[in-house]
Amino acid sequence: MIKSLCEVESEETVQRGYRTKAKDEIMSYILSNKHRRVSASEIYEHIKNSGKHTNLTTVYRNLDKLTEAGVILKIKNSSDDYSVYQLLDPDGGCDEHLHIQCRGCGHVYHLEGEAMDKINACLLEECGYSIICSDSFLLGYCSSCRKDKDLPEKH
Ligand SMILES: [Zn+2]
Ligand SMILES: [Zn+2]
């Protein structure tokens with residue numbers, strides 16, 4: 001059924017199909033590498049090597065869309081202009097807790113369990129707000145980057 005529909009697609013829809021396909025390829029690559037951060041050029045190389053047609057601009061555009069949708073987290077290294085991407089896994093509860101990203105090395109920490117309960121309780125008491133975790137993330141410096149930068153352990 002699906003195959004016969006594809007066969008009668010006009011040229012325009014075939015082109016649109018390419019875009020959808022690129023997104024699927026990108027998602028499957030991110031999913032199969034969900035425990036590490038991946039770069040746009042790495043994804044592009046992967047799609048190209050599997051014999052499919054895409055370009056780096058398409059990869060970037062799709063990654064931006066996935067970032068906006070909260071599916072992945074775009075991690076920018078402050079030292080250079082190089083971004084990497086990491087899957088935010090709803091099955092792993094990523095839409096129910098906050099993430100803090102190190103501005104030095106880009107490492108993302110998942111604030112789970114008790115820490116999250118404390119933050120929620122604190123904000124609720126302080127100002128009556130509740131957090132939409134899937135849309136928020138914090139920036140900071142991890143312990144090893146703090147050591148490198150000689151930043152104080154605590155305020
Ligand atoms: Zn998470
Ligand atoms: Zn760091």
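The exercises below work through a predicted model of one chain.

Residues are numbered from 1 along each chain as its sequence is written, and chains are lettered from A and ligands numbered from 1 in the order in which they are written. Because the model is predicted, local features need pLDDT of at least 70 and side-chain atom pairs count only at pLDDT 80 or more, while totals for chains, interfaces and linings use all residues.

**Exercise 1. State how many helices and strands the chain has, and give their pattern along the sequence.**

Step 1. Helices (H or I, at least four residues) and strands (E, at least two) are DSSP runs, numbered from the N terminus.
Step 2. By this rule the chain has six helices and six strands.
Step 3. Along the sequence they follow the pattern α-α-β-α-α-β-β-β-β-α-β-α.

**Exercise 2. Describe the sheet that contains β1, and find its edges.**

Step 1. Two strands pair if DSSP finds at least two bridges between them.
Step 2. Three strands form an open sheet in the order β1-β3-β2, and the pairing is antiparallel.
Step 3. β1 (38-39) and β2 (72-76) each have a single partner strand, so they stand at the edges and one side of each is left without a neighbour in the sheet.
Step 4. β1 pairs with β3 (residues 83-87) over two bridges, in the antiparallel sense. Within this pair, valine 38 stands opposite tyrosine 85.

**Exercise 3. Decide whether arginine 36 is buried or exposed, and locate this residue.**

Step 1. A residue is buried if 20 or more other C-beta atoms lie within 10 Å of its own, exposed if 12 or fewer, and partly exposed in between; C-beta atoms are placed from the backbone.
Step 2. Arginine 36 has 8 other C-beta atoms within 10 Å, so this residue is exposed.
Step 3. Arginine 36 lies in the loop between α2 (11-32) and β1.
Step 4. The C-alpha atoms of arginine 36 and glutamine 86 are separated by 6.6 Å, although the two residues are 50 residues apart along the chain.
Step 5. For the whole chain of 155 residues, 16% count as buried.

**Exercise 4. Describe how helices α3 and α4 cross.**

Step 1. Two packed helices are described by the angle between their axes and the distance between the axes.
Step 2. Axes are lines fitted to C-alpha atoms, for helices over the stretch in contact, and angles run from 0 to 180 degrees between N-to-C directions.
Step 3. The axes of α3 (residues 40-49) and α4 (residues 56-68) come within 9 Å and cross at roughly 125 degrees.
Step 4. That angle makes α3 oblique to α4 (under 35 degrees counts as roughly parallel, over 145 as roughly antiparallel, 65 to 115 as roughly perpendicular and the rest as oblique).
Step 5. Two residues are in contact if their C-beta atoms, placed from the backbone, lie within 7 Å. Ala40, Ser41, Ile43 and Tyr44 in α3 meet Leu56, Val59, Tyr60 and Leu63 in α4.

**Exercise 5. Describe the sheet that contains β4.**

Step 1. The strand order in this open sheet of three strands is β5-β4-β6, with mixed pairing.
Step 2. β5 and β6 each have a single partner strand, so they stand at the edges and one side of each is left without a neighbour in the sheet.
Step 3. On average, neighbouring strands of this sheet are turned by 25 degrees against each other, direction ignored.
Step 4. β4 and β5 (residues 108-111) pair in the antiparallel sense over four bridges, and histidine 99 has histidine 110 as its bridge partner.
Step 5. The hairpin of β4 and β5 has five residues between the strands, and glycine 106 there takes a positive phi near 85 degrees.
Step 6. β4 and β6 (residues 137-140) run parallel and are joined by four bridges; isoleucine 100 stands opposite leucine 138.

**Exercise 6. Which residues does UniProt list for "binding site", and how are cysteine 102 and cysteine 145 placed?**

Step 1. The unreviewed UniProt entry lists Cys102, Cys105, Cys142 and Cys145. The positions are given in the numbering used here, feature names are shortened, and annotations may be inferred rather than shown by experiment.
Step 2. The four are spread over 44 residues of sequence but cluster in space, with a largest C-alpha distance of 8.1 Å.
Step 3. Cysteine 102 lies in β4 (residues 98-102) and counts as buried, with 20 C-beta neighbours inside 10 Å.
Step 4. Cysteine 145 lies in α6 (residues 143-149) and is partly exposed, with 16 other C-beta atoms within 10 Å.
Step 5. Leaving aside neighbours within four places in sequence, cysteine 102 is in contact with His107, Gly140, Tyr141, Cys142 and Cys145.
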